[in-house]
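Subject: Structure handover and notes

Hello,

Here is the structure for you to look through. My notes on it follow below.

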Amino acid sequence: MKLIRFGEKGAERPGMVLRDGSLIDCSIFGEDYDENFFGTRGLKRLRRWAATFATSAGKVTPPVRYGTPIARPSKIICIGLNYRDHAQETGSEIPREPIVFLKSTSATAGAFDDLVMPRGASKVDWEIELGVVIGTRTSVVPESRAADAIAGYLVVNDFSERGFQLEHGGQWVKGKSADGFAPLGPYFATPEEIGNPHDLKMWLAVNGTTMQSSSTANMIFGIPRIISYVSQFMTLLPGDIISTGTPSGVALGRKPTRYLQVGDVIESEIEGLGKQRQEVVPWQRASASKQSA
Ligand code: ZN
């Protein structure tokens, strides 16, 4: 199954992408795609519902805004420097254990929403990443059973402000958490939709020039290891997202660096999980209050 949430920000409705690519409204199913949904076998119930009602459900006709395909998760966990070439381009050592940091959940955005330049930002950077969505409450799980924790996958762009991240001391979270810094989707896909999650092509382009081009095959720590590792330190809840790291080609790693400017267009895609597109727009007091509304 491929799930979407569509409509205006804050008023999204649940939907689904059918095999022929058409979109249906699943409001009548009566649940949002949130922690309760994933934690109570919602995917199974929705699958059963769709088998009977998908053909008669209301169609969603484009143009429509794609919201985050899952409702705001309890946490977004990110894995740092999980691709060898990216660790090298940032001048970092290859990590011996997964590097774990958090990203604010208020940073989530739809896959095609404008990227608002944060106030005072001058080093905004991109990071295409495979996001793993957790399906069941998971604590201290061995690698051999980690796959049971997975509900599905989606595209994450782990946008980062490198000045905020690296020049103010303390944790990376400061550079990772601005509004819009975690566009998700366009859709969420259950595991059978994508096959091997460690063999998906991924790319990102800025203004039509390819900046990142790699495959999830190049991760240092694979998904079972990451889930098992993180679950030693915190309980993963249904709907939580683990963003599994980015390959090389980010602005920080370029000589000279090439950070995002107002007007830039970022496009990215992971095989089987769809394509995102953001345009960078300036920060305004009005957009800040609208985003927090
Ligand atoms: Zn990242």
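Is C78 buried or exposed, and what is its relative accessibility? C78 counts as buried, because its relative accessibility is 0%; buried means under 20% relative accessible area, exposed over 50% and partly exposed in between, with a 1.4 Å probe and protein chains only.

Before the rest, some notes on the basis. This is a predicted model, in which local features need pLDDT of at least 70, side-chain atom pairs count only at pLDDT 80 or more, and totals for chains, interfaces and linings use all residues. Residues are numbered from 1 along each chain as its sequence is written, and side-chain values use heavy atoms, with hydrogens and water left out.

Cysteines

C26 also counts as buried, because its relative accessibility is 0%. A disulfide is a covalent bond between the sulfur atoms of two cysteines. Searching the whole structure gives 0 disulfides, the criterion being a pair of cysteine sulfur atoms within 2.5 Å.

Helix α2

Helix α2 covers residues 42–53 and has 12 residues. Helices here are DSSP runs of H or I with at least four residues, strands are runs of E with at least two, and both are numbered from the N terminus. From first C-alpha to last, α2 reaches 16 Å, close to the 16 Å expected at 1.5 Å a residue; the expected span is 1.5 Å times one less than the number of residues. Buried in α2 are G42, L43, L46, W49 and A50. They lie on the same side of α2, because they cover an arc of only 125° around the axis, taken from the directions from the helix axis to the C-beta atoms. R48, A51 and T52, on the other side of α2, are exposed. The buried residues of α2 pack against β1, β2, β3, α1, β11 and β14, where contact means heavy atoms within 4.5 Å.

N157

N157 sits in strand β11, residues 150–157. With 0% relative accessibility, N157 counts as buried. Its side chain reaches the backbone nitrogen of E127 at 3.0 Å, a polar contact being a pair of N or O atoms within 3.5 Å; within protein, one must be able to donate a hydrogen and the other to accept it, and residues adjacent in sequence count only if both atoms are side-chain atoms. Beyond four places in sequence, the contacts of N157 include W126, I128, F181 and Q278.

L273

L273 is in the loop between β18 (265–270) and β19 (274–281). L273 is buried, at 0% relative accessible area. Leaving aside neighbours within four places in sequence, L273 is in contact with residues including Y153, L154 and V155.

Regards
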